[in-house]
Amino acid sequence: MTDTTTTNWHKKAVNSQDIEKLCSEFNLENKLKSKSLAQILSSIFLRRNITGGNDILFYLEDDLRFTHNPFLLNSIEDAIERILQAQEEGEKVLIFGDKDVDGISSTTILYDYLKKKLNMNVECRLPVGDDSYGLSLSAIDDFANAGGSLIITVDCGISNFEEIDHAIDSGLDVIVTDHHNPQEEVPNATIIIDPKLPDSTYPFHDISGAAVAYKLVSALRFASTDFYNAEICLFDIKQNSDQSFDVNCLKIKNLCKVKELNEKIIPGKTSIYDLKLPYFLQGQLIYVWDLKETSGILKELFGSGVEFNLNDLQAEICKLFPSFRGKTTNELLKLSTIGKYNKEENTAVNLLFNLYVTYCKKVIAQKHPDFTDDENKDLQLVALAALADVMPMKNENRIFVKNGIASIKNHFPRKGLAELFNKLSLKKETVTSTDLSWSVIPALNAAGRMGQSNLSLELLISEDAKEREVVAEKIYELNEERKNLVSQSMFEIKDLVSQSINDNKNLCVIYDENMNKGVTGIVAARIMQENNLPSIVVTVNQNICVGSMRSCRGFVATDFLNSFENFFINHGGHDCAAGFSFGKEKINLFLQKCKELCKTISLEETTNEVQIDAEIPPSYFTPETFALLELFEPYGSENSELLLMSSNLKLCDSMIVGKKAPQHLKLTFDTGKYKIPGMFWGQAERFNDDIKIGRNYDITFNLSRNFFNGVMSPQIIIKEMRISQ
């Protein structure tokens, strides 16, 4: 338990006017059906610095419509054309992925579409046995000798300079799809898709490798529709109070904004020849909302001699959305969900753009219902990958995870996951992001860590139910073995950890030749979490040192490794997690270099303060309060669990639960109108000491749920508890 005598509860002050502004701007009261709860939500947003519409959107909405268009990824159209060429010419294609959950999920998503939907000649390969991370020379040679012509990497490739050069020299094309931090230079691949590229125009960089693969598959699905590469121009003209007119035009391709033109026309003064408009519209398929009104305005401004080839967007849209018929763009702007979150872009032409995108997606869903089914299955893996790779739970990652979990609950776990759920005794109806993080992901990762990465891939792509059952059992056994190895390793290096921290202060570096290389990442993470310090764990495999780094407190792992110039065989990763390898003969040099660099390491300061997201007065504490849980889940990186507090709550019931020590307290608090149940883990010894029925307490807590006999009930998880003064 946290030491309550030294821990300070700090609730950042927020301005009541700012609270009301957010409530009003985003209509929070309507969302939560409670003014008091809306104010609490607004205060949480303010304390977490979630104040912009483009951030708040991803907490209040979960529609896939709000995810980013895959065609915003650099070079994705080139990748589509190369893949479709390979399909047309019957080329042999290799999908090469990493052996962790993200890599396996990425491989499965792309394989399912290319092999099972496009019927392409595709095979998969992961690093196996003692193979290091990333594309290997042996994999390239094997594929080239087998007559292959196209390699697509998923969740790797951005750091494989030598290997990609070798593939190109061997006459192979290479499409890299990755999400790891690139170095200053990038490989000489045929095509590279990575949202973290320096020139990336993708709106959000921190998506998983599986999300990149999902985006590629989504773009390929779109490429099979009539809308692919179709270019249209949206046109809007409005009269101002000074009788001038504003003209706004927007060119669209693949549901992306391509080019925009805004011009002002003063009747009687502005000639058609003074405008860029004719050149902008030349050869375009032009859509307007109100065909009759727009045609009349243009005729009045330029006469009947100037022809505009206008098409009626309203007529098309209202075939699917009849409630929009007869409404003006001004009326529709007030109803716009997207416009609510982005006031700057809430213009008529952007409204037409959003309507057109929604219309196209609706048409595609109606014509291709299988797209939706397949997308739901893909999203289950994208959700797993986001959690497994500790992607920040903000922006579209939130929608990925929410929809992936909803797909599991509302449909069924996809093939492979269903068998693993059964083996792990997980119920789909109650599955949470925590269940995925603590049960499913470690099990899928265990196969790769134990040198049998293909098992998890086989589980997810196999069409044989009996085979999946057998593989799920093997994965379960490997995970149990992995747990034992981690426990053993943590025990054996206990003294080394203490010595390293004492010597290096800001960094823990462990070298253990006997450690299984598959658990270095887990051990590094455990050391980092227990000591709140960046940690490196290195072992040896066939005269090659392989290591994992886990970082915290604002220290970027990849930047640290990049400072070892020309040292590694390969290295790469993310800000908080990275991996590397080098020849065993360099181990002393590596340890010495780490010792020197420790002096330059600057870490964010730790504090004994806990940050309170909001205080819930007893009179406000109702079952509806738990709606906040729905809004802020899924929790994860950059979106920690809500830590709330209540003061002067009366404890009206308590009982000790649990058969093994430490036992727990099941408590009930009286808020006046409602009784709120809670769990206080491992605190049974405090009952009848400083925790007594009838007393009033100040508590900090997380919102939670309790599932029992198929029934869900809300409860709180108490973090700290103090007698009210």
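Is asparagine 254 buried or exposed? I opened my notes with this residue, and at a relative accessibility of 2% asparagine 254 counts as buried. I keep in mind throughout that the model I am reading is a predicted one.

**Entry 1: two residues with positive phi**

I placed asparagine 254 in the loop that joins strand 8 (245-253) to strand 9 (256-265), and I noted that its phi is near 55°, a positive value in a residue that is not glycine. I then turned to serine 425, which sits in the loop between helix 18 and helix 19 and which has a phi near 60°, again a positive value in a residue other than glycine. Serine 425 has a relative accessible area of 63% and is therefore exposed, whereas asparagine 254 is buried.

**Entry 2: helix 6 beside helix 9**

I looked up how helix 6 (residues 101-117) lies against helix 9 (residues 209-223), and found that their axes come within 7 Å and cross at roughly 10°. Angles under 35 degrees count as roughly parallel, and helix 6 and helix 9 are therefore roughly parallel to each other. The crossing in which helix 6 passes helix 9 is left-handed. From helix 6 the residues that take part are Asp102, Ser105, Ser106, Ile109, Leu110, Tyr113 and Leu114, and they meet Gly209, Ala210, Ala213, Tyr214, Leu216, Val217, Leu220 and Arg221 of helix 9. Sorted by class, the residues of this contact between helix 6 and helix 9 are 10 nonpolar, 3 polar and 2 charged.

**Entry 3: helix 6 beside helix 16**

I followed helix 6 to another partner, helix 16, and noted axes 8 Å apart that pack at an angle of about 165°. Because angles over 145 degrees count as roughly antiparallel, helix 6 and helix 16 are roughly antiparallel to each other. Their crossing, too, is left-handed. On the side of helix 6 I listed Val101, Asp102, Ser105, Thr108, Ile109 and Lys117, and on the side of helix 16 Asp370, Asp374, Asp378, Leu381, Val382, Leu384, Ala385 and Ala388. The contact of helix 6 with helix 16 divides into 7 nonpolar, 2 polar and 5 charged residues.

**Entry 4: helix 20 and what covers it**

How many of the residues of helix 20 (residues 454-461) are buried? I found that 6 of its 8 residues are buried, so that this helix is mostly covered. The buried residues of helix 20 are Leu455, Ser456, Leu457, Leu459, Leu460 and Ile461. I looked up what they pack against, and the partners are helix 6, strand 3 (121-125), helix 16 (369-388), helix 18 (417-423), helix 19 (433-449) and helix 21 (465-492).

**Entry 5: helix 7 beside helix 8**

I examined helix 7 (residues 137-145) and helix 8 (residues 161-169), whose axes come within 9 Å and cross at roughly 15°. That angle makes helix 7 roughly parallel to helix 8, and the crossing in which helix 7 passes helix 8 is right-handed. In this contact Leu137, Ile140 and Asp141 of helix 7 meet Glu162, Glu163, His166 and Ala167 of helix 8. I counted the classes for helix 7 with helix 8 as 3 nonpolar, 1 polar and 3 charged residues.

**Entry 6: aspartate 613**

Which residues does aspartate 613 contact, leaving aside its neighbours within four places in sequence? I found Ser43, Ile44, Arg47, Arg48, Glu641, Leu642, Leu643 and Leu644 in contact with aspartate 613. The residue lies in the loop between strand 17 (609-611) and strand 18, and with a relative accessible area of 7% aspartate 613 is buried.

I located threonine 622 in the loop between strand 18 (614-615) and helix 26 (627-632). Its relative accessible area is 16%, and because buried means under 20%, threonine 622 is buried. The side chain of threonine 622 makes a polar contact, at 3.0 Å, with the side chain of glutamate 624. I ended with proline 634, which lies in the loop between helix 26 and strand 19 (644-657). The peptide bond that leads from glutamate 633 to proline 634 is cis, with omega near 0°.

Definitions and conventions: Residues are numbered from 1 along each chain as its sequence is written. This is a predicted model: local features need pLDDT of at least 70, side-chain atom pairs count only at pLDDT 80 or more; totals for chains, interfaces and linings use all residues. Side-chain values use heavy atoms; hydrogens and water are left out. Axes are lines fitted to C-alpha atoms, for helices over the stretch in contact, and angles run from 0 to 180 degrees between N-to-C directions. Helices (H or I, at least four residues) and strands (E, at least two) are DSSP runs, numbered from the N terminus. Angles under 35 degrees count as roughly parallel, over 145 as roughly antiparallel, 65 to 115 as roughly perpendicular and the rest as oblique. A crossing is left-handed if the near helix is turned anticlockwise from the far one by less than a right angle, and right-handed if clockwise. Contact means heavy atoms within 4.5 Å. Ala, Val, Leu, Ile, Met, Phe, Trp, Tyr, Cys and Pro count as nonpolar, Asp, Glu, Lys and Arg as charged, and the others, Gly among them, as polar. Buried means under 20% relative accessible area, exposed over 50%, partly exposed in between (1.4 Å probe, protein chains only). A polar contact is a pair of N or O atoms within 3.5 Å; within protein, one must be able to donate a hydrogen and the other to accept it, and residues adjacent in sequence count only if both atoms are side-chain atoms.
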